[in-house]
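Hi everyone, thanks for coming.

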Number of protein chains: 2
Amino acid sequence: MGLDNHEFEQIEGLIAARKRVKRQQHLYHAGDPFEAIYAIRIGFFKTDILTEDGRDQVTGFQMAGEILGLDGISIDRHVCNAVALEDSDVCMIPFDRLEDLSRKVEPLQRQFNKFMSREIVREQSIMMLLGSMRAEERLAAFLLNLSQRMQSRGYSASEFNLRMTREEIGSYLGLKLETVSRAFSKFQDEGLLTVHQKHIQILDPDALRTLVGRAHV
Amino acid sequence: MGLDNHEFEQIEGLIAARKRVKRQQHLYHAGDPFEAIYAIRIGFFKTDILTEDGRDQVTGFQMAGEILGLDGISIDRHVCNAVALEDSDVCMIPFDRLEDLSRKVEPLQRQFNKFMSREIVREQSIMMLLGSMRAEERLAAFLLNLSQRMQSRGYSASEFNLRMTREEIGSYLGLKLETVSRAFSKFQDEGLLTVHQKHIQILDPDALRTLVGRAHV
DNA sequence: CGAACGCTTGACATTTGTCAAACGGCGTGG
DNA sequence: CCACGCCGTTTGACAAATGTCAAGCGTTCG
């Protein structure tokens, strides 16, 4: 990334603080003062928002290598809750120090801006999913996305364990848990995948891709 | 904002380039190389994404004082189309110069980071809307949001003209234009507002707020 | 002045949600 | 170690919400 040794050491220092979060524990709560963003070293998280009127929605799932907390910058408070779905391990990156350092180290600044923008784009694709796909298309898109992220981290793209419940998947996809369950069963009946509880094996990824891509034709 | 004169002049210089965009013209297209972000001086825009398979979705509406183009940073190309819904006037802000300057001027860096984060939060609230609200609740939320933004720009909060069609509203809200139209008619029947084509007069904002807040109780 | 476009409304189809029942795996405590 | 109970899941029957298709109307703009 075009860093000299000194710059590299500074960034190393930045990410030194580590933190363990056990399954079902919160990394932060909505409303907490925003002080740091977090890079996931090991584990799996969900972020969700719970409104006063009882509306509750999962806004994302994050796995090792991904960043948590970028939404907090806007108002100096965390906007959502971050909950570990399995025992996890994160690097805490104090935000004021990150801002300072990114004024000095241009590649860091660029990288950070790209991270923020990527988050905006990611959310746009979810808006697309929620706004224009039907239940099975949503689930297919969700599975393909998960599969691709697993693969890019060196895991199998075709076989993995879900860390979240049907209800959490449904909340994320704007569906009820029964609808998610039915879609899984339908995919299995059609031979696109096998499901045993949380264990998923994708048998026909192309069929899933067709579902997502060819919708509404 | 704690700027000295020299800093202020530099920022002035940054936003000197102006550009007019006529109604229905594109400010940029998806796929265009990303070079600048845009601050809207006068006018009204929509952003949308059109996928190969014909899926089409409005991802946002932007009015004077708001920023366009933050999604392009991620991959150095614009991800969506930006189209003027009325004759408009924007400030072009070359992004590499903005990055340079924000390394020197801390308040600018902070402000820019907040803008990015605010965009992330804005999109989260749309995910919330698309994922957990019903048609009338979505339209109510949309109108209240528009109303509030009009007001914060010095216009009437209760009476304004929509710049977009029912179809564009529907696309944004994940609904068909007929559903949007029916929801407008229902609101009018119930005395919450009056509609004449694009002209909206909100009569009972509290009732709209109740719709949004109390849903699913 | 007319044609195109956007909007409204109706009748009906489809999708998804709701409610209910039952199953199965997993963990806990006897 | 086994039994029980809980939680998450699956499935069915039915209800509600939204989409689809079609017709007709009003505006607006060329």
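This is a predicted model: local features need pLDDT of at least 70, side-chain atom pairs count only at pLDDT 80 or more; totals for chains, interfaces and linings use all residues.

Residues are numbered from 1 along each chain as its sequence is written, and chains are lettered from A and ligands numbered from 1 in the order in which they are written.

How does chain A superpose on chain B? A rotation of 180° with 0.0 Å of shift along its axis does it, at RMSD 0.0 Å (least squares on C-alpha atoms of residues with pLDDT of at least 70 in both copies). That is the relation of a two-fold axis. In chain A, the C-alpha of A:Arg103 is nearest the axis, at 2.2 Å.

Now the helices (DSSP runs of H or I, at least four residues, numbered from the N terminus). Helix H4 (residues 135-152) and helix H7 (residues 205-213), both of chain A, pack at about 130°, with axes 8 Å apart. Those axes are lines fitted to C-alpha atoms over the stretch in contact, with angles from 0 to 180 degrees between N-to-C directions.

Finally, the DNA. Among the 18 residues around DNA strand C, A:Arg134, A:Thr179, B:Thr165, B:Ser181 and B:Ser185 come nearest (near means a C-beta atom, placed from the backbone, within 6 Å). Two or more residues each come from H6 (177-189) of chain A, and from H5 (166-173) and H6 (177-189) of chain B. H6(B) gives the most, with six residues.
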